[in-house]
Structures are given as structure tokens and as C-alpha cells.
Amino acid sequence: MWSDAQADPPRCAGSGEPGQPSPTLPGGFPFGRGLCPVCTAFVELSEGRIDRHDAFRGTTDAAEAEARAQWFNTVGWN
């Protein structure tokens, strides 16, 4: 068993990496956000870079979860 001292930091290592808006679904999802290649979160972009964010650990919002599933089924992982 490990402790919090041994855990990865909450900040995603993909923060600050180059990024671009992801393709959108007909309803607009992911609303101009880019896909973080490290944690697969859809993250706001600033000046062509992925904003600082905590690593994606899933969503508790059912609509967001369904939109993510539809996006990956439609667009894929590329």
C-alpha cells in the first residue's frame, strides 16, 4: 500500500504541452477544448497550449460521460 507522499502529483504532466481544439460533435462537444494526450481530459487551450489542469480521473456528470463516449466512438483516439 502507498501513501499520498508516494502518489503522483495531481497536476497533469500534459499541462503546457502544445494543443489544438478537438473536432466537435454536432452538439458542440468538446466546445473548443483540446484533448490532453497524457490524461485524456478535454482541456481549455491558451495560445496553442493545453492549460494547467489536474489529471483526469473520470467525470461524475452523466451527460459529460456520454458525450466523451460518443466523441471517442466517433472521432477515435487519433
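Start with the rings: Phe29, Phe31, Phe42, Trp71 and Phe72 are linked into a cluster by ring pairs. Rings of Phe, Tyr and Trp (for Trp, its six-membered ring) pair if their centres lie within 6.5 Å; planes under 30 degrees apart count as stacked, over 60 as edge-to-face, and the rest as tilted. Before we go on, keep in mind that this is a predicted model, where local features need pLDDT of at least 70 and side-chain atom pairs count only at pLDDT 80 or more, while totals for chains, interfaces and linings use all residues. Residues are numbered from 1 along each chain as its sequence is written, and side-chain values use heavy atoms, with hydrogens and water left out.

Now for the overall layout. The protein has 1 helix and 4 strands, and from the N terminus on they run β-β-β-β-α. Helices here are DSSP runs of H or I with at least four residues, strands are runs of E with at least two, and both are numbered from the N terminus. Of the 78 residues, 28% are buried. Buried means under 20% relative accessible area, exposed means over 50%, and partly exposed is in between (1.4 Å probe, protein chains only). As for contacts (heavy atoms within 4.5 Å), take those between residues at least 6 apart in sequence: 55% of them join residues at least 24 apart.

Back to the rings. The count of aromatic pairs comes to 5. In one of them, the rings of Phe29 and Phe42 have centres 5.1 Å apart and planes at 75°, so this pair is edge-to-face. It links distant parts of the chain, since Phe29 sits in the segment before strand 1 and Phe42 in strand 2, 13 residues apart. Phe29 counts as buried at 5% relative accessibility, and Phe42 is buried too, at 8%. Phe42 also pairs with Phe72: their ring centres are 6.0 Å apart and their planes are at 40°, so that pair is tilted. Because Phe42 lies in strand 2 and Phe72 in helix 1, the pair ties together parts that are 30 residues apart in sequence. Phe72 is buried as well, with 13% relative accessibility.

The peptide bond from Phe29 to Pro30 is cis, with omega near 10°, and Pro30 lies in the segment before strand 1 (34-35). Pro30 is one of the residues that Ser22 touches; the others are Arg33, Gly34, Leu35, Phe42 and Trp71, not counting residues up to four places away in sequence. Ser22 is also found in the segment before strand 1, and it is buried, with a relative accessible area of 9%.

Which residues make up the largest nonpolar core? They are Cys12, Cys36, Cys39, Ala41, Val43, Ile50 and Ala55, 7 residues in all. A nonpolar core is a set of buried Ala, Val, Leu, Ile, Met, Phe, Trp, Tyr and Cys residues joined through side-chain atoms within 4.5 Å. A second, separate core has 6 residues, including Phe29, Phe42, Ala67 and Phe72. In soluble globular proteins, nonpolar side chains tend to be buried together.

How many disulfides does a search of the whole structure find? It finds 0, where a disulfide is a pair of cysteine sulfur atoms within 2.5 Å. Cys36 is in no disulfide, and its nearest cysteine sulfur, that of Cys12, is 3.6 Å away. For Cys39 the closest cysteine sulfur is also in Cys12, at 3.7 Å, too far for a bond. Cys36 is buried, with a relative accessible area of 1%, and Cys39 is buried with 11%. Cys12 touches both Cys36 and Cys39, and its contacts also include His53 and Ala55.

Finally, visit the loops and the end of the chain. Thr40 lies in the loop between strand 1 and strand 2 (42-43), and its phi is near 60°, a positive value in a residue other than glycine. Thr40 is partly exposed, at 22%. Glu47, in the loop between strand 3 (45-46) and strand 4 (49-50), has a positive phi of about 50° although it is not a glycine. Glu47 counts as exposed, with 85% relative accessibility. Trp77 comes in the segment after helix 1 (62-74) and is exposed at 61%. Not counting residues up to four places away in sequence, Trp77 touches Thr40 and Phe72. Trp77 and Thr40 are 37 residues apart in sequence and 9.3 Å apart in space, C-alpha to C-alpha.
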